[in-house]
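Hello,

Here is the structure we spoke about handing over. Please have a look at it first. My notes follow below.

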Amino acid sequence: MSYLPCGTYFESYKADQQWWRTPFIKSKMILMIIVTVFLFPLLSERYDSQWLSVAYTINYYVLAALGVQLLIGYCGQITLGHAAFVAVGGYCSAMMMLFVPWPQFLLDAGLAYPISIVVSAILAGIWSVLFGLPSARVKGFYLIMTTMAAQWITVPFVITQYVSQIGGRGQSFSLPPGLIKILWWEIDTDIRIYYLSIFLVAICILIMGNLLRSKIGRAWIAIRDNDIAAETMGVNIVGYKLLAFFVAGCFAGVAGSFYISALYAVSPEHYEWFYSLLWVGIILIGGVGSIQGIFFGSAFVVLVFKFLEMGVLFINDQLVEHYPALAYMTTKVIFFREAAFGLAIIFFLMYEPNGLSYRYWQLKNYFNLWPFSYTGKGH
Amino acid sequence: MARRILLLGLTLAIISSWAFAADEIKIGSINDLTGATSDVGKDAALGVRECVDYLNANGGINGKKIKLILNDYGYRVPEAITIYKRMRDRDKVAMLLQWGTGDTEALAAHVNKDKMVTISDSLSAKLCDPKETPYNFIYASDYSTDARAALISWYEGVWKKSDKWKAMRESGKKPKLVCFYQFSAPYSSAPIEAIKDQAKLLDIEVGRDQDVSLVSLDAKSQVLGAKAEDPQVIWHGNTAMSVATAVKDAYALKLGADHITNHWGFDKNFLRMTGAAGEGVIGVAICAFLGMDVPYMDKVVAQTKIGNPNVPFEKRGIRTVQAWLKVTLGANALTKADKEGKLNGPAIKAAMESTKDWTPFNTPNALGSQKLTITPKDHRPSSVVNLYTIKDGKIVLFDTVDVRKKYPDKWDSWLGM
Amino acid sequence: MSRRLKTLIWSLLGLALVFLTVRAIYVNSQLFMQLLVTGIMLGSIFALVALGWVLIYKCSGVLNLAMGELTLVGGYICLTLYSYLISIFVGAATAQAGQTSIVWAFVLALIGTLIAGLLLGLATERLFLRKMIGEPILAVIMVTVGISFFFKGMVFIIWDTDTQMFLPRVFSIEPIVIWGIAIGQVYLWSFIAALVLMAIFVSFFKYTRWGLSMQACADDEMAALSLGVSAKFVYALAWGIAFMAAGVGGTLLGNINGLNYSVSGLGLIVLPVVVFGGLNSVPGAIVGGITIGILQNMAGGYLDYYFPGGVKQIAPFVFMVIFLLFKPYGLWGWERIERV
């Protein structure tokens with residue numbers, strides 16, 4: 001998390017292992033908390049609330065990509081089917097809200113939704129372990145294939161064909177407004193969704209960060225670096241791999257059940273394969289094996305999409321307004337977004353293969369030692 | 001000085017745009033230009049825009065211009081929800097035009113809460129029960145009624161009469177129905193319950209359903225699966241390109257059954273794609289085909305050339321006419337509500353529900369529409385269905401069925417089914 | 001797993017399969033044969049595209065997730081060329097085109113597609129993948145994903161989203177009936193075309209100089225380089241050939257019922273195919289393609305009864321996961337020996 005100038009001056013182990021080790025970092029983090037919790041949402045609500053929805057979409061991607069980062073960045077298990085587990089979380093939560101006969105006092109206390117988040121996290125974790133089982137035997141490309149199979153089996157088949165047919169026909173569940181309640185807050189406005197997302201992200205990051213500092217995290221990193229060596233050192237690699245799949249699935253479940261509060265509906269299209277790829281793209285863009293990287297990657301992807309979309313809408317309006325004869329072109333403009341996004345990913349990986357967090361690290365290093373900086377090589 | 005003039009100009013521009021804005025009524029339209037149903041969706045979107053242009057050129061709504069905000073959602077529910085929120089909060093539209101069954105049903109709770117009248121191209125019967133979805137309206141006979149009518153028409157017009165089934169009919173064997181549709185698509189599965197119920201009423205056996213995707217290019221194994229059951233009639237519940245695929249594969253594998261299809265599966269495009277395989281297919285049409293001889297059709301045809309001269313006329317079809325039906329019905333309600341000076345949700349809803357024996361432009365048989373009646377208790381606008389068939393490579397009228405007249409005692413109980 | 005247990009499971013599975021097959025033939029032999037034949041014919045197209053995939057993997061180690069979009073691009077290029085040539089040959093009256101001009105137009109369009117595919121393949125390799133040599137496997141995969149987004153967007157911009165057909169039809173819709181099995185002419189010709197092309201590709205590897213240098217590079221890159229084989233040339237050639245194979249696959253599929261985005265689903269079916277055959281085995285790709293083709297059709301025909309819905313689409317993937325548990329390197333893939 002932080003890079004100290006040469007020499008460490010801590011007097012106790014506890015001080016050395018703290019999250020925020022120096023007063024500078026502490027004040028930086030407090031400033032960040034003030035901005036994210038007070039300044040940004042209030043300003044954004046005052047002037048243009050669409051940025052709130054951008055912000056909670058970023059947080060949703062962070063939650064979802066957290067598990068991908070854990071699997072790929074820390075445990076070395078490449079996954080291309082993470083949307084499946086997010087889907088399990090989303091559907092589990094939505095169905096619990098819709099079909100479980102909750103006792104009235106739970107509903108009144110607004111505990112139904114929090115309970116459903118926990119349950120769906122566990123269910124998604126179990127589902128993830130199920131598809132992580134082949135990781136005991138296969139790795140590399142073959143593992144990628146099984147995680148992809150998780151996507152294809154879960155979303156277009158189990159969920160679309162069976163789960164979404166529960167309670168009558170229909171692909172999408174729409175939740176009646178006012179159903180999602182936490183304690184006494186109804187999650188219905190953008191700003192409340194935003195706060196919920198901030199809260200969940202904070203908790204999940206805390207869990208993940210602490211897991212990584214523990215025995216478990218060290219075992220995962222050992223498996224990532226060389227699984228055979230780890231095994232000879234006595235690490236139970238199958239157990240830890242499955243644990244990684246479980247924890248990643250839990251984060252995905254939280255992400256899924258959070259996002260139904262934002263849309264008040266759930267349908268298989270939220271969980272297409274595209275998103276699995278997108279989340280892997282996010283950690284590649286942000287930086288593999290870095291928690292900050294998830295934020296950078298998510299923000300990058302969501303903002304690029306947002307700006308492309310704004311551009312598309314603008315061009316769309318201009319065409320319709322000023323060149324009605326070209327209005328049929330509006331059907332094409334949208335695809336430029338897709339193509340441009342593809343190119344953005346390609347060029348990012350070609351010219352910035354270490355991700356944004358590496359640039360951030362370089363930048364920080366530069367200022368840390370300014371004016372006597374030298375360009376140190378990264379990892 | 002220059003800056004002051006600029007400032008003045010800017011203020012004037014803002015004021016004038018404000019003043020102009022007060023004179024316009026905003027309609028939001030969510031269309032599919034790029035998704036699974038874009039084969040029929042593009043034409044419809046062009047039609048919506050052209051009809052709005054036509055209305056604006058002919059007096060608008062009590063002199064106010066309609067401003068259309070049309071967005072593509074790619075037949076994806078989440079995208080539709082995002083667009084809806086944008087239209088509600090930023091654009092503040094007075095009325096919403098929607099497209100698919102999935103998104104219309106997903107948004108039904110939202111529009112009800114926000115009191116936003118919406119007219120959907122999804123003619124799902126589920127959206128016709130005001131007790132469940134008070135703010136959802138449709139503009140023609142619903143899918144279930146269409147499906148019932150198609151089956152009745154096949155039973156009476158083909159099974160009872162044709163030489164093809166003579167031997168079987170006289171041997172006393174019951175005919176068998178098999179449904180081809182995408183199980184998971186809300187649109188395709190909407191009328192299935194109704195058509196099976198109708199089959200029971202007509203004493204037709206029902207075989208196992210076959211799942212054909214909306215974007216499918218291969219329905220061989222489904223046709224083979226159906227062939228094992230030896231059906232006499234197939235119901236196709238998808239859109240034109242998928243129905244064409246299934247009909248062609250049925251022809252190539254010599255299935256031998258007759259085909260009936262809902263109105264999204266039956267148009268000029270279908271005719272072009274199927275060729276010889278499409279001969280004899282019976283399809284529903286909720287309005288006249290583009291270029292047919294009915295009142296106001298000339299206006300529609302002329303507007304396609306004014307509005308979108310770059311789109312070849314062969315690519316346009318019945319979906320344009322349908323879009324006109326949808327927009328004129330909405331505009332009619334907006335006119336009524338605006339006359340009373342209350343352009344809000346409940347007032348527009350009341351105006352919609354006072355629709356009685358209405359046809360577009362208040363001209364009988366305009367655009368080939370049936371007479372539409374919408375009441376606060378029943379949002380099914382019509383029970384009369386026109387059926388067309390393909391004969392010698394041309395679409396010709398086959399039959400007209402009034403479902404309510406056939407089953408007067410059952411009609412009310414079918415609401416919302 | 002002990003060896004004996006493994007043998008037991010395998011033989012039980014084999015027995016069950018034989019029993020089910022016999023039962024299926026006994027119950028409705030015509031349906032069975034029909035599914036089998038359709039499966040083999042579709043499978044040959046899968047095999048063709050899988051061949052292109054394996055080639056890229058063998059030569060340059062790139063796991064290509066853009067194969068589906070490549071088939072789409074190829075199919076559309078052929079369609080455009082075909083309609084253009086038809087309009088030249090017979091003028092405006094496309095409906096009355098004679099059989100000979102149709103055949104000529106189609107053959108020329110196919111050749112044009114092959115050339116265009118080769119050029120596109122070379123360009124893609126040069127622009128996007130040359131720089132990625134030696135990068136981590138995941139980054140390279142994501143680059144191919146980016147390529148697939150890019151191509152998808154371009155296809156939609158140029159050719160739109162609705163179904164387009166080869167009109168006038170190249171192959172008649174009337175089926176040929178052999179022993180009571182109706183086979184579409186387009187399937188038959190696709191099968192033949194796929195076989196011919198596969199034969200051409202395989203003999204290219206075996207007998208030409210370029211093919212041999214590709215084989216050498218796949219076998220041992222260092223040794224090949226020291227013997228004067230240009231790795232860059234081999235990579236470029238592999239991409240060119242993959243594009244060509246995908247283009248032909250797209251064209252053949254497009255001839256069955258038309259072209260739209262769902263044709264690119266072929267790119268995903270290819271993955272179970274190569275996993276089954278082994279990632280770096282050319283005969284594996286061919287056998288795998290036909291197996292998956294049969295499996296898909298059988299699943300559609302028989303399993304749909306028990307699991308309604310899209311069993312057909314996911315059966316290959318389920319099969320793949322189960323298969324991987326038993327044979328992690330496919331039928332003929334190279335087993336990797338790992339050392340610390």
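How many residues of chain A are in contact with chain B, and how many of chain B with chain A? The count is 20 residues of chain A and 26 residues of chain B. Keep in mind that this is a predicted model.

**Chain A and its partners**

Two helices of chain A, α7 (141–162) and α14 (330–351), each give at least two residues to the side that touches chain B. By class, that side has eight nonpolar, 10 polar and two charged residues.

Now the contact between chains A and C. It takes 36 residues from chain A and 35 residues from chain C. On the side of chain A that touches chain C, the elements giving two or more residues are α7, α10 (227–232), α12 (273–286) and α14 of chain A. Of these, α14(A) gives the most, with 12 residues.

**Chain A as a whole**

Chain A has 15 helices and four strands. Its radius of gyration is 22 Å, close to the 21 Å that the globule rule gives for 379 residues, so chain A is as compact as a globular protein of that length. Along the principal axes, the C-alpha atoms of chain A fill a box of roughly 65 × 50 × 45 Å. Buried residues account for 46% of the 379 residues in chain A. Take the contacts in chain A between residues at least 6 apart in sequence: 75% of them join residues at least 24 apart.

**The sheet in chain B**

In chain B, five strands make an open sheet. The order is β2-β1-β3-β4-β5, and the pairing is parallel. The edges are β2 (65–72) and β5 (136–137) of chain B; each has a single partner strand, so one side of each is left without a neighbour in the sheet. Further in, β1 (residues 24–31) and β3 (residues 95–98) of chain B pair in the parallel sense over three bridges. Within chain B, G28(B) stands opposite L96(B) in β3(B). Helix α2 (residues 38–57) of chain B lies across β1, β2 and β3 of chain B. Its angle to β2(B) is about 165°.

**Two backbone points**

Most residues other than glycine have a negative phi. Two residues here are worth a look.

- Y264(A) has a positive phi, near 55°. Y264(A) sits in the loop between α11 (237–263) and β4 (265–266) of chain A. Is Y264(A) buried or exposed? Y264(A) is buried, because 24 other C-beta atoms lie within 10 Å and the cut-off is 20 or more.
- N362(B) also has a positive phi, about 50°, and is not a glycine. N362(B) is in the loop between α14 (345–353) and β12 (384–391) of chain B. N362(B) is exposed, with 10 other C-beta atoms within 10 Å.

**A helix in chain C**

Helix α6 (residues 185–207) of chain C has 23 residues. At 1.5 Å a residue, α6(C) should span 33 Å, and its end C-alpha atoms are 33 Å apart, which agrees. The buried residues in α6(C) include V186(C), Y187(C), S190(C), A194(C) and L197(C). What covers the buried residues of α6(C) includes α2 (29–60), β2 (181–183) and α9 (231–257) of chain C.

Best wishes

Methods: Residues numbered from 1 in each chain as written. Chains lettered and ligands numbered in written order. Predicted model: local features only at pLDDT ≥ 70, side-chain atom pairs only at ≥ 80, totals over all residues. Expected span 1.5 Å × (residues − 1). Buried ≥ 20, exposed ≤ 12 C-beta atoms within 10 Å, placed from the backbone. Contact = placed C-beta atoms within 7 Å. Nonpolar A, V, L, I, M, F, W, Y, C, P; charged D, E, K, R; others polar. Rg over C-alpha atoms; globule rule 2.2 N^0.38 Å. Pairing = 2+ DSSP bridges. Axes fitted to C-alpha atoms, helices over the stretch in contact; angles between N-to-C directions.
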